[in-house]
Amino acid sequence: MPVISYDLPERFVAGAVGRPGDRAFYLQARSGRRVTSVGLEKFQVTLLAERLEELLDEVLRRSGGDADVPAVAPSELKDDGPLDQPVEEEFKVGTMALAWDPDDEQVVIEAQEVTESDEEPEVGEDDPAVAVLRVRISAAQARAFAERALQVVAAGRPPCPLCGLPLDSEGHVCPRQNGYLG
(Lines give C-alpha, C1' and ligand atoms only; values in the text may rest on other atoms or scores of the structure.)
Protein backbone atom coordinates (compact mmCIF):
# COMPACT_ATOMS: atom_id res chain seq x y z
CA MET A 1 0.00 0.00 0.00
CA PRO A 2 1.20 3.52 -0.66
CA VAL A 3 2.34 6.33 1.58
CA ILE A 4 -0.12 9.15 0.93
CA SER A 5 1.69 12.41 1.63
CA TYR A 6 0.42 15.96 1.98
CA ASP A 7 2.85 18.80 2.58
CA LEU A 8 0.94 21.85 3.84
CA PRO A 9 -2.43 20.78 2.42
CA GLU A 10 -5.10 23.38 1.71
CA ARG A 11 -7.31 21.60 4.22
CA PHE A 12 -6.71 19.03 6.97
CA VAL A 13 -9.63 18.35 9.28
CA ALA A 14 -11.34 15.79 11.45
CA GLY A 15 -15.03 15.29 10.78
CA ALA A 16 -17.94 12.97 11.29
CA VAL A 17 -20.69 11.60 9.11
CA GLY A 18 -23.99 10.33 10.48
CA ARG A 19 -26.31 10.98 13.38
CA PRO A 20 -25.03 11.34 16.96
CA GLY A 21 -24.67 7.88 18.42
CA ASP A 22 -24.08 6.40 14.98
CA ARG A 23 -21.33 8.59 13.54
CA ALA A 24 -18.29 7.57 11.55
CA PHE A 25 -15.18 9.69 12.13
CA TYR A 26 -12.61 10.66 9.52
CA LEU A 27 -9.38 12.54 8.99
CA GLN A 28 -9.49 14.31 5.66
CA ALA A 29 -6.70 16.04 3.74
CA ARG A 30 -7.13 18.05 0.55
CA SER A 31 -4.76 19.70 -1.92
CA GLY A 32 -6.40 20.90 -5.11
CA ARG A 33 -8.72 18.17 -6.40
CA ARG A 34 -6.91 15.44 -4.46
CA VAL A 35 -8.81 14.41 -1.33
CA THR A 36 -7.92 11.61 1.07
CA SER A 37 -10.20 10.39 3.86
CA VAL A 38 -9.21 7.80 6.45
CA GLY A 39 -11.55 6.35 9.07
CA LEU A 40 -10.84 6.30 12.77
CA GLU A 41 -12.56 5.96 16.11
CA LYS A 42 -13.97 8.83 18.15
CA PHE A 43 -11.42 8.31 20.93
CA GLN A 44 -8.60 8.53 18.34
CA VAL A 45 -9.87 11.94 17.22
CA THR A 46 -9.88 13.12 20.83
CA LEU A 47 -6.41 11.74 21.55
CA LEU A 48 -4.95 13.24 18.38
CA ALA A 49 -6.36 16.69 19.21
CA GLU A 50 -5.17 16.54 22.83
CA ARG A 51 -1.69 15.31 21.88
CA LEU A 52 -1.38 18.01 19.22
CA GLU A 53 -2.15 20.67 21.83
CA GLU A 54 0.39 19.11 24.22
CA LEU A 55 3.06 18.93 21.50
CA LEU A 56 2.57 22.57 20.51
CA ASP A 57 2.56 23.72 24.13
CA GLU A 58 5.81 21.81 24.73
CA VAL A 59 7.44 23.35 21.64
CA LEU A 60 6.45 26.80 22.92
CA ARG A 61 7.76 26.02 26.41
CA ARG A 62 11.10 24.65 25.20
CA SER A 63 11.65 27.54 22.81
CA GLY A 64 10.93 30.10 25.51
CA GLY A 65 8.14 31.44 23.32
CA ASP A 66 10.44 32.01 20.32
CA ALA A 67 8.93 29.27 18.12
CA ASP A 68 6.34 30.32 15.55
CA VAL A 69 3.57 28.51 17.46
CA PRO A 70 0.35 30.39 18.23
CA ALA A 71 -1.11 29.92 21.71
CA VAL A 72 -4.61 29.63 20.20
CA ALA A 73 -5.98 28.81 16.76
CA PRO A 74 -5.90 31.84 14.44
CA SER A 75 -9.46 32.85 13.54
CA GLU A 76 -8.67 32.92 9.81
CA LEU A 77 -7.82 29.19 9.92
CA LYS A 78 -11.05 28.10 11.62
CA ASP A 79 -12.88 25.59 9.46
CA ASP A 80 -16.44 24.65 10.38
CA GLY A 81 -17.35 23.28 6.96
CA PRO A 82 -18.51 19.73 6.34
CA LEU A 83 -16.15 17.06 5.05
CA ASP A 84 -15.56 17.15 1.30
CA GLN A 85 -18.01 14.83 -0.45
CA PRO A 86 -18.08 12.07 -1.32
CA VAL A 87 -16.28 10.69 1.73
CA GLU A 88 -14.49 7.58 0.47
CA GLU A 89 -12.48 5.82 3.17
CA GLU A 90 -8.99 4.87 1.98
CA PHE A 91 -8.33 2.77 5.08
CA LYS A 92 -9.07 2.47 8.81
CA VAL A 93 -6.45 4.03 11.09
CA GLY A 94 -4.68 1.86 13.65
CA THR A 95 -1.49 3.53 14.83
CA MET A 96 -0.89 7.29 14.85
CA ALA A 97 2.22 9.32 15.54
CA LEU A 98 3.09 13.00 15.93
CA ALA A 99 6.38 14.79 15.50
CA TRP A 100 7.70 18.33 15.43
CA ASP A 101 10.09 19.19 12.59
CA PRO A 102 12.20 22.02 14.03
CA ASP A 103 13.88 22.81 10.70
CA ASP A 104 10.59 23.59 8.93
CA GLU A 105 8.64 24.41 12.12
CA GLN A 106 5.91 21.99 11.07
CA VAL A 107 3.91 19.25 12.72
CA VAL A 108 4.09 15.82 11.11
CA ILE A 109 1.07 13.57 11.61
CA GLU A 110 1.26 9.97 10.53
CA ALA A 111 -1.74 7.64 10.50
CA GLN A 112 -1.06 4.00 9.67
CA GLU A 113 -3.60 1.48 8.51
CA VAL A 114 -4.83 -0.96 11.11
CA THR A 115 -3.32 -4.39 10.51
CA GLU A 116 -4.25 -7.91 11.52
CA SER A 117 -0.67 -8.61 12.57
CA ASP A 118 0.48 -8.32 16.17
CA GLU A 119 3.69 -6.70 14.93
CA GLU A 120 3.15 -3.05 14.07
CA PRO A 121 5.73 -1.49 11.76
CA GLU A 122 7.86 1.22 13.32
CA VAL A 123 6.48 4.72 12.84
CA GLY A 124 8.32 6.43 10.01
CA GLU A 125 9.37 3.06 8.58
CA ASP A 126 7.63 2.37 5.27
CA ASP A 127 6.06 -1.07 5.07
CA PRO A 128 4.67 -1.74 1.59
CA ALA A 129 1.88 -3.85 3.11
CA VAL A 130 0.58 -0.99 5.29
CA ALA A 131 -1.06 2.18 3.99
CA VAL A 132 0.06 5.42 5.61
CA LEU A 133 -1.33 8.96 5.55
CA ARG A 134 1.49 11.43 6.30
CA VAL A 135 0.54 15.09 6.66
CA ARG A 136 2.81 18.06 7.36
CA ILE A 137 1.05 21.18 8.65
CA SER A 138 2.04 24.46 10.25
CA ALA A 139 1.67 24.99 13.99
CA ALA A 140 -1.22 27.37 13.31
CA GLN A 141 -2.98 24.73 11.19
CA ALA A 142 -2.40 22.19 13.97
CA ARG A 143 -4.04 24.50 16.54
CA ALA A 144 -7.03 24.99 14.23
CA PHE A 145 -7.22 21.23 13.56
CA ALA A 146 -7.22 20.40 17.29
CA GLU A 147 -9.89 22.99 18.08
CA ARG A 148 -12.20 21.69 15.34
CA ALA A 149 -11.55 18.04 16.24
CA LEU A 150 -12.61 18.60 19.85
CA GLN A 151 -15.73 20.43 18.66
CA VAL A 152 -16.63 17.54 16.34
CA VAL A 153 -16.32 15.04 19.18
CA ALA A 154 -18.33 17.27 21.55
CA ALA A 155 -21.13 17.62 18.99
CA GLY A 156 -22.27 14.06 19.67
CA ARG A 157 -24.85 12.84 22.14
CA PRO A 158 -25.20 14.97 25.27
CA PRO A 159 -24.17 13.38 28.57
CA CYS A 160 -26.69 12.28 31.21
CA PRO A 161 -26.61 14.85 34.04
CA LEU A 162 -26.62 12.04 36.62
CA CYS A 163 -24.16 9.44 35.35
CA GLY A 164 -22.31 11.19 32.52
CA LEU A 165 -23.00 8.42 29.99
CA PRO A 166 -24.27 9.51 26.55
CA LEU A 167 -28.03 9.98 26.20
CA ASP A 168 -29.56 8.02 23.31
CA SER A 169 -32.55 9.21 21.30
CA GLU A 170 -34.10 5.76 21.93
CA GLY A 171 -33.80 6.19 25.69
CA HIS A 172 -31.21 5.83 28.41
CA VAL A 173 -31.02 3.40 31.29
CA CYS A 174 -29.19 5.45 33.88
CA PRO A 175 -27.24 3.33 36.36
CA ARG A 176 -27.75 6.03 38.99
CA GLN A 177 -31.54 5.60 38.70
CA ASN A 178 -31.21 1.85 39.22
CA GLY A 179 -29.63 1.94 42.65
CA TYR A 180 -26.03 2.13 41.45
CA LEU A 181 -24.31 5.10 43.04
CA GLY A 182 -20.66 4.32 42.14
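**Exercise 1.** In what order do the 7 strands of the open sheet lie, and what is their pairing?

*Solution.* This is a predicted model. Start with the order: S1-S7-S6-S5-S4-S3-S2. The pairing is mixed. Next, look at the edges. Strand S1 (3-7) and strand S2 (11-17) each have a single partner strand, so one side of each is left without a neighbour in the sheet. Finally, take the twist. From one strand to the next, it averages 30°.

**Exercise 2.** Find how S1 is joined to strand S7, and name the residue opposite isoleucine 4.

*Solution.* First, locate S7 at residues 132-138. S1 and S7 run parallel, joined by 5 bridges. Then pick out isoleucine 4: leucine 133 in S7 stands opposite.

**Exercise 3.** Is arginine 143 buried or exposed? List the residues in contact with arginine 143, leaving aside neighbours within four places in sequence.

*Solution.* Begin with the location: arginine 143 lies in helix H2. Its relative accessibility is 1%. The cut-off for buried is under 20%, so arginine 143 counts as buried. Then go through the contacts. Arginine 143 touches Glu53, Leu56, Asp57 and Leu60, and also Val69, Pro70, Ala71, Val72 and Ala73.

Conventions. Residues are numbered from 1 along each chain as its sequence is written. This is a predicted model: local features need pLDDT of at least 70, side-chain atom pairs count only at pLDDT 80 or more; totals for chains, interfaces and linings use all residues. Side-chain values use heavy atoms; hydrogens and water are left out. Two strands pair if DSSP finds at least two bridges between them. Helices (H or I, at least four residues) and strands (E, at least two) are DSSP runs, numbered from the N terminus. Axes are lines fitted to C-alpha atoms, for helices over the stretch in contact, and angles run from 0 to 180 degrees between N-to-C directions. Buried means under 20% relative accessible area, exposed over 50%, partly exposed in between (1.4 Å probe, protein chains only). Contact means heavy atoms within 4.5 Å.
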